[in-house]
Amino acid sequence: MSPTPPTKLVIDRATKYYETKSGRVHALDNVSLDVSDHEFVSLVGPSGCGKTTLLWSMSGLHDLTSGEVRLDGVPVHGPNPNIGMVFQDANLLPWRTIQKNLEFPFEISGKKPDPHRLLGLMERVGLGGFGSKMPRELSGGMQQRASIVRALSFDPSVLLMDEPFGALDAFTRDEMNMLVEEIWLETRKTIVFITHSIPEAVFLSDKVHVMSARPGRMAKTFTIDFPRPRLLDITQTREFFDVVNTIKAEIEHQPRAPKAPKTALAGATQ
Ligand SMILES: Nc1ncnc2c1ncn2[C@@H]1O[C@H](COP(=O)(O)OP(=O)(O)O)[C@@H](O)[C@H]1O
Ligand SMILES: [Mg+2]
């Protein structure tokens with residue numbers, strides 16, 4: 001039996017309230033989760049159950065009301081070069097070339113980018129030769145490739161991804177899922193991935209954590225043991241459908257969230 005990998009990321013009784021003009025929103029309630037080193041986990045659950053809130057607290061960029069996030073045993077507060085993030089929107093600066101966009105985080109942190117590393121990453125994700133293009137010249141999928149390079153450019157040990165492919169067409173999404181799996185197998189980053197697509201979560205993950213409706217709580221964890229590397233063919237198998245349907249049933253079985261105050265329906269921007 002292979003030894004259990006050490007715990008990389010610990011979410012310890014995370015609770016979050018947002019104060020809004022129309023009252024308090026209880027977004028997370030006592031959520032605890034351990035993510036092992038090199039593990040690929042997905043968070044799924046109904047809209048508004050606190051997935052984004054939880055991810056931002058893991059990044060150290062948003063505070064919890066109570067509880068703690070620890071990376072390698074150290075509490076996470078503030079930006080951390082060991083944590084990379086990818087969002088649904090690639091968030092590229094429209095007036096800068098792709099190359100200049102990728103250099104931007106280095107400029108603002110006063111560090112020098114390693115041009116060979118950046119070039120290698122661009123080639124790895126299929127962006128070789130696109131450095132001089134402007135973001136508007138790239139498709140949504142290509143823009144997301146750039147945001148993956150940007151997230152990996154500091155060589156973080158943890159990658160947090162919030163519905164990164166939610167806005168892409170199905171074909172591009174499949175391609176991006178293959179790319180993420182390959183990169184994960186090559187780099188062995190610890191990845192926490194949020195998605196609304198249960199097939200995507202099952203295809204990519206070692207574990208799928210289901211959250212319940214607001215206030216978000218951990219409801220159930222599914223271990224996905226399809227062998228790796230996984231090819232898209234598995235998504236057409238009976239076994240795959242069975243796992244997807246079991247997880248869908250678990251989500252549907254969760255109680256519905258109470259109505260949030262009107263002003264609180266925006267995304268987690270704090
Ligand atoms: N900045 C904010 N201010 C007030 N309420 C917020 C804020 N961000 C999120 N919320 C509320 O917190 C709950 C969880 O939101 P979120 O973490 O975005 O959920 P999910 O990502 O699962 O859809 C929702 O009810 C949402 O309306
Ligand atoms: Mg969200």
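Predicted model: local features only at pLDDT ≥ 70, side-chain atom pairs only at ≥ 80, totals over all residues.
View 1. Strand β9 (residues 207-212) runs antiparallel to β10, and six bridges join them. Here, two strands pair if DSSP finds at least two bridges between them. Strands (E, at least two residues) and helices (H or I, at least four) are DSSP runs, numbered from the N terminus.

**View 2. The six-stranded open sheet.** Read across, the order is β6-β7-β8-β3-β9-β10, and the pairing is mixed. Because β6 (83-86) and β10 (217-223) each have a single partner strand, one side of each has no neighbour in the sheet. On average, neighbouring strands here are turned by 20° against each other, direction ignored. Angles run from 0 to 180 degrees between N-to-C directions, with axes fitted to C-alpha atoms (for helices, over the stretch in contact).

View 3. Residues 238-252 make up α7, which lies across β3 (40-44), β9 and β10 and runs at about 170° to β10. Contact means heavy atoms within 4.5 Å.

View 4. Ten bridges link β1 (residues 7-20) to β2, and Tyr18 has Val25 in β2 as its bridge partner.

**Notes.** Residues are numbered from 1 along each chain as its sequence is written, and chains are lettered from A and ligands numbered from 1 in the order written. Local features need pLDDT of at least 70, side-chain atom pairs count only at pLDDT 80 or more, totals for chains, interfaces and linings use all residues, and side-chain values use heavy atoms, leaving out hydrogens and water.
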